[in-house]
Amino acid sequence: PGGALYFSVVADPTAEGRIYKLERNMAPVSYYVVQPAQVDGRWDGHFAFNRSGRLFIANGEMNPAKLWYCPPSGAAPLAVFTHAGPILGFSFLSLTRFIFADGTNALRVANLNGTTATVLHTSSRGHKYCDVLVTDIKYP
């Protein structure tokens, strides 16, 4: 949001992790603290903002994995999507529609509060997809 730079720091996916915002003076400021106990025990550092600037995090290498909404109040994250396999890097196509790398050779698309993830693309070379970034593309 706002053209700022954010990054995550995770030393151990089962221990506390943080999302930082890099200020204009290049000083990192803690933006959000992730307690794995609040997100089914694991956070690998994956996060994204939706098109209205709301923060979401994903478990990562976990089966099943969830996408979580992080309220700005600092309250515990709320699960908004569950996938049978991992949810690694993800990016929003709209306020509620997102695309994610599933840790295999597929990119999937889903809706918040939905129950399925549709395969959007698979690697013909068997590459493992880890992350995805969406700029301003239109997807039906």
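**Entry 1: a strand pair**

I began with Tyr20, which stands opposite Ser30 in E3. Residues are numbered from 1 along each chain as its sequence is written, and side-chain values use heavy atoms, with hydrogens and water left out.

**Entry 2: confidence**

I looked up pLDDT, the predictor's confidence in each residue, from 0 to 100. The chain has an average of 90, and 95% of the residues reach at least 70. A reminder to myself: where pLDDT is low, the predicted coordinates should not be read in detail.

**Entry 3: the sheet**

In which order do the three strands of the open sheet stand? I found E1-E2-E3, with antiparallel pairing. Strands E1 (5–9) and E3 (28–34) are at the edges and have a single partner strand each, so one side of each is left without a neighbour in the sheet. On average, neighbouring strands here are turned by 25° against each other, direction ignored; the axes are lines fitted to C-alpha atoms (for helices over the stretch in contact), and angles run from 0 to 180 degrees between N-to-C directions.

Two strands pair if DSSP finds at least two bridges between them. E1 and E2 are joined over five bridges, and Val9 has Arg18 in E2 as its bridge partner. Strand E2 (residues 17–22) pairs with E3 over six bridges; here I also found Lys21 opposite Val29 in E3. The hairpin of E2 and E3 has five residues between the strands, and Met26 in this hairpin takes a positive phi near 70°.

**Entry 4: aromatic rings**

How many aromatic pairs does the structure hold? I read off twelve. Rings of Phe, Tyr and Trp (its six-membered ring) pair if their centres lie within 6.5 Å; planes under 30 degrees apart are stacked, over 60 edge-to-face, and the rest tilted.

One of the pairs is Tyr31 with Phe49, edge-to-face at 6.0 Å centre to centre and 70° between the planes. This pair links distant parts of the chain, since Tyr31 sits in strand E3 and Phe49 in strand E4 (residues 46–49), 18 residues apart. Phe49 also meets Phe47: their ring centres are 6.2 Å apart and their planes at 90°, so this pair is edge-to-face too.

Is Phe49 buried or exposed? Phe49 is buried, at 17% relative accessibility, while Tyr31 is partly exposed at 37%. The cut-offs are under 20% relative accessible area for buried, over 50% for exposed, and partly exposed in between (1.4 Å probe, protein chains only).

I then found one aromatic cluster made of Phe56, Tyr69, Phe81, Phe90, Phe92, Phe98 and Phe100.

**Entry 5: loops**

Which peptide bond is cis, with omega near -10°? It is the bond from Asn63 to Pro64, and Pro64 lies in the loop between E5 and strand E6 (65–70).

Asp40 is not a glycine, yet has a positive phi of about 65°. I located Asp40 in the loop between E3 and E4, partly exposed at 41%. Asn113, also not a glycine, has a positive phi of about 60°. Asn113 lies in the loop between strand E10 (106–111) and E11 and is exposed, at 64%.

Note on methods. Predicted model: local features only at pLDDT ≥ 70, side-chain atom pairs only at ≥ 80, totals over all residues. Helix = DSSP H or I, 4+ residues; strand = E, 2+ residues; numbered from the N terminus.
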